[in-house]
Amino acid sequence: MNLFQNKTIVLGVTGSIAAYKAATLASRLHQLGAHVHVAMTDAATHFITPLTFESLTHRRVLRDVLALGADSEIEHVSFAKRADMVLIAPATANTLAKLAHGFTDDVISAICLDTRAPILLAPAMETGMWENAATRDNLKILTQRGMFLVEPNAGHLASGASGKGRMAEPQEILDAARHVFARDGSLAGKRVVITAGGTREAIDPVRVISNHSSGKMGYALAEEALSRGANVSLITSVDELPNPYGAEITRVVSTQDLYDTVLGEMRGADVLIMAAAPADFRPASMADRKIKKEEMAEWNIELIRNPDILGEVARVRANDPANAPRVVVGFAAETNDLIQHARGKLERKNLDMLVANPVPQTFGSDNVKATLLFKNRNEMDLQPMTKENLAEVIFAQVEKLLK
Ligand code: CTP
């Protein structure tokens, strides 16, 4: 779900070397379909020119607190009213001080004092300024008044020093902005537990049994749930994908880890989506040192069954429904007789919905063909689509099941 489409965003750029990153931010927001109006302080124009932003956003930059717009309305008043969000990136220590004390001597602080839209701050400054009691107090005032903050990172500063104060990267700021928009989404207040990735079962300290699941579907589901305002717990075995911003992440390795974590996390959850591909079997024992190939001509590994997580969830739902999620969704990856196997799983595991995918086509790919099966309804056969779009379709159905 693209929460930026058609949103009016005032991007305030103040006088810091990090202003160059605001160009990427303006461009990304524009590409996401937002109406981006950049406002700059005089100091900011020493670091980056208004022409850069005007070229990227196709809109005139606001600079003058006394300027009149085309309709003869004071410009900062008009933008304070029209904004869906005011995002200040970079926000200098001076700007934070002005906002905390209600000054309006530049176009950005004037918009901030007047607007009812959420304000998101992405500070950038030297570590000394960031740690100074004056800045700490100002930020406390601002966040207590309801302004949102995307904290600076620690690292190399333009001065050559190293410490906290580097403005967050454009992607982190976009994620934080999405989080702000999502807070009154259709799943606000709901807790959603999602599992992702294939589990790994150790044979010895270096070898594992695993499968081809990439985890991308689970991550796309987590992003979608976050965009709808849910509190998301993502239980994952994947290290390669970026953490979805705002999700609570638990890393697991084996099916037994996943089992223990899911059964703990599902208490108090509204929705559980098992997009993970847990290994059904594990070696009966794990060697405590690396097995050397000289030691054996061939190697027969005895495998024993892992617990069936959804099977246990179904048992808890039947015996103790207060401690189980209201909606449970499973996945089935099948090489043959897809619908027949999927229907059997839906019933056996007492699922509200099952997403059936043909494999190997689905593993690792960005596009999927899926059929959705429900308890008392006909199945929905979907056209091939991206995992992001499938996540949207799945959550549209989950929301119906929650009603
Ligand atoms: N699953 C589970 N616990 C397992 C294995 C799978 O909860 N030990 C979940 C998966 O996350 C998925 C669903 O059950 O949501 C179906 O997984 P799948 O491996 O297709 O089903 P199995 O019941 O293991 O059946 P089989 O492997 O025999 O096809």
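These legends describe close-up views of a predicted model.

**Figure 1. Overview of the chain.** The predicted chain holds 14 helices and 21 strands. Its C-alpha trace spans about 80 × 55 × 40 Å along the principal axes. Of the 403 residues in the chain, 51% are buried.

Figure 2. The view shows pairs made with Asp280, Ile309 and Phe331. For Asp280, a polar side-chain atom is 3.0 Å from an oxygen atom of the ligand. For Ile309, a polar backbone atom is 3.0 Å from a nitrogen atom of the ligand. For Phe331, a backbone N or O atom is 2.8 Å from an oxygen atom of the ligand. The ligand taken alone exposes 560 Å², and the protein buries 78% of that area.

**Figure 3. Arg326 in the loop between H12 and S16.** Arg326 is placed in the loop that runs between these two elements. The relative accessibility of Arg326 is 47%, so the residue counts as partly exposed, given that this class covers values between 20% and 50%. Arg326 and Gly268 are 58 residues apart in sequence, while their C-alpha atoms are 9.4 Å apart in space.

**Figure 4. Arg28 in helix H1.** Helix H1 covers residues 19–31 and includes Arg28. Arg28 counts as partly exposed because its relative accessibility is 31%. Between Arg28 and Lys400 the separation is 372 residues in sequence and 32 Å in space, taken from C-alpha to C-alpha.

**Figure 5. The cis peptide bond at Pro90.** The peptide bond that leads from Ala89 to Pro90 is cis, and its omega is near 0 degrees. Pro90 belongs to strand S3, which covers residues 85–91. Most peptide bonds are trans, and most residues other than glycine have a negative phi.

**Figure 6. Positive phi at Asn6.** Asn6 is not a glycine, yet has a positive phi of about 65 degrees. Asn6 is found in the segment before strand S1, which covers residues 8–13. With a relative accessibility of 48%, Asn6 counts as partly exposed, because exposed requires a value over 50%.

**Figure 7. Positive phi at His58.** His58, a residue other than glycine, has a positive phi near 60 degrees. The loop that contains His58 lies between helix H3, residues 50–57, and helix H4, residues 75–82. The relative accessibility of His58 is 62%, so His58 counts as exposed.

Definitions and conventions: Residues are numbered from 1 along each chain as its sequence is written. This is a predicted model: local features need pLDDT of at least 70, side-chain atom pairs count only at pLDDT 80 or more; totals for chains, interfaces and linings use all residues. Side-chain values use heavy atoms; hydrogens and water are left out. A polar contact is a pair of N or O atoms within 3.5 Å; within protein, one must be able to donate a hydrogen and the other to accept it, and residues adjacent in sequence count only if both atoms are side-chain atoms. Accessible areas come from the Shrake-Rupley method with a 1.4 Å probe; for residues, only the protein chains shown count as cover. Helices (H or I, at least four residues) and strands (E, at least two) are DSSP runs, numbered from the N terminus. Buried means under 20% relative accessible area, exposed over 50%, partly exposed in between (1.4 Å probe, protein chains only).
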